[in-house]
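Colleague: I have the sequence and the coordinates open on my screen. Can you walk me through them?

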Amino acid sequence: METLDTWQWQMTNRISNISSLRKYVDISDQEALEITAAETRFRWTITPYYASLMDKHDPHCPIRMQAIPSILELQNNSGMQDPLQEESQSPTPGLIHRYPDRVAFTVSSECAMYCRHCTRKRFVGQPVQRTTWQAIEAGIEYVRKTESIRDVLVTGGDPFILSDDKLERIIKALRSIDHVEIIRLGTRTPCTLPQRITDKLCDMLAKYHPIWVNTHFNHPKELTEEAAKAADRMLRAGIPVGNQSVLLKGINDDRDTMKSLLHGLLKMRIRPYYLYQCDRIVGTEHFWTPLTTGLDLIDQLQGYTTGFAVPQFIVDSPIGKIPLCRSKLVELNDDYAILRNYENHTMTIPCRVDKEPALLAI
Ligand SMILES: *Cc1c(COP(=O)(O)O)cnc(C)c1O
Ligand code: SF4
């Protein structure tokens with residue numbers, strides 16, 4: 001098993017039919033019918049590694065819910081294909097230019113596993129819309145001639161699905177552009193295919209520093225020894241590793257699960273970055289939570305745990321990502337501000353700077 005357990009082996013042995021899936025989990029005949037109905041609309045495939053984390057008997061297992069199609073995906077009453085208007089903000093196919101100084105560059109429409117909650121469900125895993133080399137070259141050219149771009153977020157799909165050579169061609173080209181200061185890579189492989197994070201890949205990436213990686217863990221069950229090793233390899237290559245999670249109903253929308261995810265990430269030296277409100281994408285409605293769920297979670301974390309364990313809660317939109325939290329500012333005027341702490345205690349601080357601030361009694 002040891003020698004077989006390469007990322008290539010994982011990729012060629014992915015599970016994408018019910019009979020293979022039944023080697024990992026119990027699937028009732030009703031569920032099998034539902035999967036068959038849902039897969040006509042949205043592709044699914046699961047790495048043997050990720051499937052091995054599934055609970056055999058529990059259909060509500062958080063790993064199963066992220067990976068196995070549900071009939072609920074066909075109930076799309078208010079979801080949209082592209083609520084973030086990425087298509088209309090793309091000067092070249094797959095390159096999204098929303099902020100003046102940075103772009104998101106989708107270089108692959110494939111992933112190791114197709115997450116049921118994927119925000120780019122409209123093209124990820126859909127074979128008709130494969131990212132072409134022509135599109136990638138056009139994107140690189142656009143970055144080259146647009147001098148305001150100092151930060152390129154290489155994403156997808158999953159860029160780590162590309163071979164080391166292809167990925168290196170893209171990164172090398174971006175690195176040769178003077179105004180590109182940092183290159184970020186967004187990949188879920190540390191979670192769904194940790195075997196992908198080889199020493200060879202990390203050595204290649206380290207040639208093009210500053211490189212940053214953001215990954216995507218949603219549940220503490222995903223924080224395995226293999227995942228920790230993958231993170232460690234990147235960190236040793238000098239690559240800071242951050243995490244973005246999606247807030248998903250029934251998976252991570254309660255304080256204890258979220259806390260144990262965040263604490264587990266810190267133990268792996270992965271820094272929590274964003275917690276996304278689930279985008280209103282067609283086929284993801286069963287994962288949506290009210291805005292108050294995320295706000296409550298942040299209230300239950302901030303102050304109660306390590307400051308940098310707490311991600312920013314983000315609502316993404318066509319006008320950019322908007323971080324949300326309930327205000328700690330009770331009142332503000334020219335003379336003083338009233339502030340609220342995590343336990344709801346308030347204090348008043350002076351805030352004039354043109355005269356000596358009065359010292360507060362502590
Ligand atoms: C998320 C995103 C970025 C990066 O945003 P940060 O807040 O800097 O991480 C850039 N461009 C687009 C289109 C994005 O969606
Ligand atoms: S890894 Fe990311 S892009 Fe790929 S299916 Fe999952 S959420 Fe979508």
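Colleague: How do strands β3 and β4 run, and how many bridges join them?

Modeller: They run parallel, and four bridges join β3 (residues 151-155) to β4 (residues 182-186). Strands here are DSSP runs of E with at least two residues, helices are runs of H or I with at least four, and both are numbered from the N terminus. Two strands pair if DSSP finds at least two bridges between them.

Colleague: What is the bridge partner of D151 in β4?

Modeller: I182. Before we go on, this is a predicted model, in which local features need pLDDT of at least 70 and side-chain atom pairs count only at pLDDT 80 or more, while totals for chains, interfaces and linings use all residues. Residues are numbered from 1 along each chain as its sequence is written, chains are lettered from A and ligands numbered from 1 in the order written, and side-chain values use heavy atoms, with hydrogens and water left out.

Colleague: Fine. What is the strand order in the open sheet of nine strands?

Modeller: The order is β1-β2-β3-β4-β5-β6-β7-β8-β9, with mixed pairing. β1 (95-99) and β9 (322-324) stand at the edges with a single partner strand each, so one side of each has no neighbour in the sheet. Neighbouring strands are turned by 25° against each other on average, direction ignored; the axes are lines fitted to C-alpha atoms, for helices over the stretch in contact, and angles run from 0 to 180 degrees between N-to-C directions.

Colleague: Which strands form a hairpin, and how many residues lie between them?

Modeller: β11 and β12, with five residues between them; N344 in the turn has a positive phi of about 75°. Five bridges join β11 (residues 336-340) to β12 (residues 346-350), and the two run antiparallel. R340 has T346 as its bridge partner in β12.

Colleague: New topic. What is the volume of the largest pocket, and which residues lie nearest its centre?

Modeller: The volume is about 930 Å³. Of its 39 lining residues, T119, R120, T155, Q244 and Y276 lie nearest the centre. On a 1 Å grid over the protein atoms alone, a pocket is an open set of points with protein on both sides within 12 Å along at least five of seven lines, a cavity is a set where a 1.4 Å probe fits but cannot get out, and lining residues have an atom within 4 Å of a point.

Colleague: Which element gives the largest share of that lining?

Modeller: β7, with four residues.

Colleague: And how many cavities of 30 Å³ or more are there?

Modeller: One. The largest cavity holds about 70 Å³ of space, and F42, R43, Y114 and C115 are among the residues that line it.

Colleague: Now T187. Where is it, and is it buried or exposed?

Modeller: T187 is in the loop between β4 and α8 (189-192). It counts as buried because its relative accessibility is 3%; buried means under 20% relative accessible area, exposed over 50%, and partly exposed in between, with a 1.4 Å probe and protein chains only.

Colleague: Which side chain does the T187 side chain contact?

Modeller: That of T189, in a polar contact at 2.8 Å. A polar contact is a pair of N or O atoms within 3.5 Å; within protein, one must be able to donate a hydrogen and the other to accept it, and residues adjacent in sequence count only if both atoms are side-chain atoms.

Colleague: Where is T224?

Modeller: T224 lies in the loop between β5 and α10 (225-236), and it is buried at 14% relative accessible area.

Notes:
Grid points are joined across faces, edges and corners, and a volume is the space filled by probe spheres set on the points.
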